[in-house]
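Please walk me through this structure in plain terms, starting with the overall build and then moving on to single parts.

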Amino acid sequence: MVSPGKNMKILVTGGAGFIGANFLNLLVPRHPEHLFVNLDALTYAANPRSLAGLEGRANYAFVRVDLVDFEAVRATFAKHQPEVVVHFAAESHVDRSIAGPRPFLRTNIEGTFNLLEACREAWKPGQGLLHHVSTDEVYGSLGAEGLFTEETKYDPSSPYSASKAASDHLVRAWGRTFGIPVKITNCSNNYGPLQFPEKLIPLMIQNLLERKPLPVYGKGENVRDWLFVGDHCEAIWTVVLRGKPGETYNIGGRSEQRNIDVVKQLCAIVAQETGASETELFGLVTYVKDRPGHDLRYAIDASKIERELGWQPQETFASGMRKTVRWYLGNQDWVASVRTGEYRKWIEQNYGSR
Ligand code: NAD
Ligand code: TDX
């Protein structure tokens with residue numbers, strides 16, 4: 001078991017992506033007593049610039065390793081001897097999983113398997129901690145009513161969510177069979193600084209700033225439960241420190257929104273922040289062909305983590321969205337640095353024929 005306050009060696013996988021980088025930027029300066037090692041393959045979704053503020057810190061190190069390469073994962077364990085692993089690394093974009101599922105099965109399933117095997121080799125039963133960062137999408141779709149709880153049965157719809165469901169099952173199985181202390185969190189949709197502009201909110205912000213069409217899938221009536229990324233990172237840290245091994249915690253913001261309403265609010269904020277006309281911006285909405293297997297609604301019952309661990313989101317949707325728009329407005333150089341040729345190819349592939 002890990003006791004808070006003790007000097008910990010923490011391996012963070014996927015720390016150059018959206019949520020992982022927010023996690024490291026929050027915790028590395030706050031906890032000089034812990035060592036954070038960031039293992040990341042630096043795929044298209046990663047941006048080392050997101051971690052620029054951590055360079056040179058004595059309690060931070062980066063290793064470029066692909067989780068699919070078991071020998072490289074073992075070597076990282078041998079060198080850094082982590083006591084805690086926080087596992088963010090994944091292929092994370094649903095539309096990409098529909099266009100090409102193979103990397104999702106490789107990274108999310110085989111990569112998680114390799115990580116579990118490395119933990120099993122490095123730790124005696126009962127030693128260490130693997131915290132697996134997962135998604136509410138494993139539960140499938142809700143109708144108009146109800147919430148996902150920790151007891152909701154798994155029913156994933158997309159190759160992405162099926163691969164995350166598989167990784168959750170592997171983590172639980174390695175916990176039960178091999179005695180690895182594991183914790184799983186299943187969180188709703190995140191938004192905030194450093195999110196790759198393929199996901200709904202940053203894509204819409206960028207298109208608004210560039211006066212490009214706003215591609216809304218289907219009728220825009222699908223509902224997501226949005227959580228500011230900083231609140232998710234605090235929730236993960238709370239579970240790392242105080243969650244019970246073997247347990248699952250759902251994390252969400254009690255902030256259900258229809259996609260079209262998210263876009264409408266973004267138009268209003270961008271108009272206020274830039275002096276543009278809100279009506280002109282909303283006129284950019286273009287309804288496009290729906291996502292196959294598009295889950296209608298996600299909504300999280302987060303009462304377990306609130307009740308047992310005292311976590312609560314700090315940001316409202318309105319305050320978090322304004323912070324997010326302001327961050328993108330002030331960080332257009334960061335956006336430019338992630339929009340490589342690969343990014344342009346993706347935009348053409350996903351939206352070209354819709
Ligand atoms: P992201 O796509 O922004 O970042 C993923 C990171 O993982 C990147 O830095 C990438 O380089 C790295 N990576 C990918 N494949 C790798 C491999 N084979 N080996 C090593 N590193 C690899 O993802 P994100 O949005 O930050 O999501 C992080 C985690 O949180 C994922 O596990 C995701 O399923 C989960 N999650 C995300 C959300 C969300 O709304 N974004 C919500 C709930 C859960
Ligand atoms: O161009 C778009 N138009 C549109 O209408 C895009 C990119 C999305 N959408 C819709 C689809 C979804 O209903 O917006 C909603 C949100 O889409 P994404 O940002 O792609 O997120 P989602 O598919 O809900 O999955 C996200 O939340 C759960 C993350 O990408 C996952 O990694 C996380 O597990």
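A residue is called buried when its relative accessible area is under 20%, exposed when that area is over 50%, and partly exposed in between. By this rule, 56% of the 354 residues of the protein chain count as buried. The model discussed here is a predicted one.

The overall build comes next. The protein chain contains 13 helices and 13 strands. Along the principal axes, its C-alpha atoms fill a box of roughly 60 × 45 × 40 Å. A compact globule with 354 residues would have a radius of gyration near 20 Å, and the protein chain has 20 Å, so the two agree. Among the contacts in the chain with a separation of 6 or more, 83% are between residues 24 or more positions apart.

Strands of a sheet pair through backbone hydrogen bonds, either parallel or antiparallel. Here, 7 strands form an open sheet in the order β3-β2-β1-β4-β5-β6-β11, and the pairing is parallel. The edges are taken by β3 (60-64) and β11 (248-251); each has a single partner strand, so one side of each is left without a neighbour in the sheet. From one strand to the next, the twist averages 20°.

Strand β5, residues 129-135, pairs with strand β6, residues 182-187, in the parallel sense over 6 bridges. Within this pairing, His131 stands opposite Lys183 in β6, and Val133 stands opposite Thr185 in β6. Helix α5, residues 159-178, lies across β5, β6 and β11 and runs at about 155° to β5.

Is strand β6 itself buried or exposed? In β6, 6 of the 6 residues are buried, so the strand is largely enclosed by the rest of the structure. In a regular strand the side chains alternate between the two faces of the sheet. Val182, Ile184 and Asn186 of β6 are on one side, and Lys183, Thr185 and Cys187 are on the other; all are buried, and both faces of the strand are covered.

Helix α6 is mostly covered as well, with 8 of its 10 residues buried. These buried residues are Ile201, Pro202, Leu203, Met204, Ile205, Gln206, Asn207 and Leu208. After α6 comes Arg211, which has a positive phi, near 55°.

The aromatic rings show how parts of the chain come together. A pair of aromatic rings is described by the distance of the centres and the angle of the planes. A search of the whole structure finds 19 aromatic pairs. One of them joins Tyr44 and Phe196, with 5.1 Å centre to centre and 80° between the planes, an edge-to-face arrangement. Tyr44 belongs to the loop between β2 (35-40) and β3, and Phe196 to the loop between β7 (190-191) and α6 (200-209), so the pair ties together parts that are 152 residues apart in sequence. Tyr44 and Phe196 are both buried.

Phe196 also pairs with Tyr343. Their ring centres are 5.6 Å apart and their planes stand at 80°, so this pair is edge-to-face. It links distant parts of the chain, as Phe196 is in the loop between β7 and α6 while Tyr343 is in helix α13 (residues 341-351), 147 residues apart. Both Phe196 and Tyr343 are buried. Elsewhere, ring pairs link Phe23, Phe36, Phe88 and Trp237 into a cluster.

Charged side chains can also be placed relative to rings. Lys304 lies over the face of Tyr249, at 4.7 Å from the ring centre. Arg354 lies over the face of Tyr217, at 4.0 Å from the ring centre.

The last stop is Val68, in the loop between β3 and α2 (70-80). Leaving aside neighbours within four places in sequence, Val68 is in contact with Arg106, Thr107, Glu110 and Asn114. Val68 and Ala41 are 27 residues apart along the chain, and their C-alpha atoms are separated by 9.5 Å.

Technical notes. Residues are numbered from 1 along each chain as its sequence is written. Chains are lettered from A and ligands numbered from 1 in the order in which they are written. This is a predicted model: local features need pLDDT of at least 70, side-chain atom pairs count only at pLDDT 80 or more; totals for chains, interfaces and linings use all residues. Side-chain values use heavy atoms; hydrogens and water are left out. Two strands pair if DSSP finds at least two bridges between them. Helices (H or I, at least four residues) and strands (E, at least two) are DSSP runs, numbered from the N terminus. Axes are lines fitted to C-alpha atoms, for helices over the stretch in contact, and angles run from 0 to 180 degrees between N-to-C directions. Contact means heavy atoms within 4.5 Å. Rings of Phe, Tyr and Trp (its six-membered ring) pair if their centres lie within 6.5 Å; planes under 30 degrees apart count as stacked, over 60 as edge-to-face and the rest as tilted. Buried means under 20% relative accessible area, exposed over 50%, partly exposed in between (1.4 Å probe, protein chains only). A charge sits over a ring if NZ of Lys or CZ of Arg is within 6 Å of the ring centre and within 35 degrees of the ring normal. The radius of gyration is taken over C-alpha atoms; the globule rule is 2.2 Å times the number of residues to the power 0.38.
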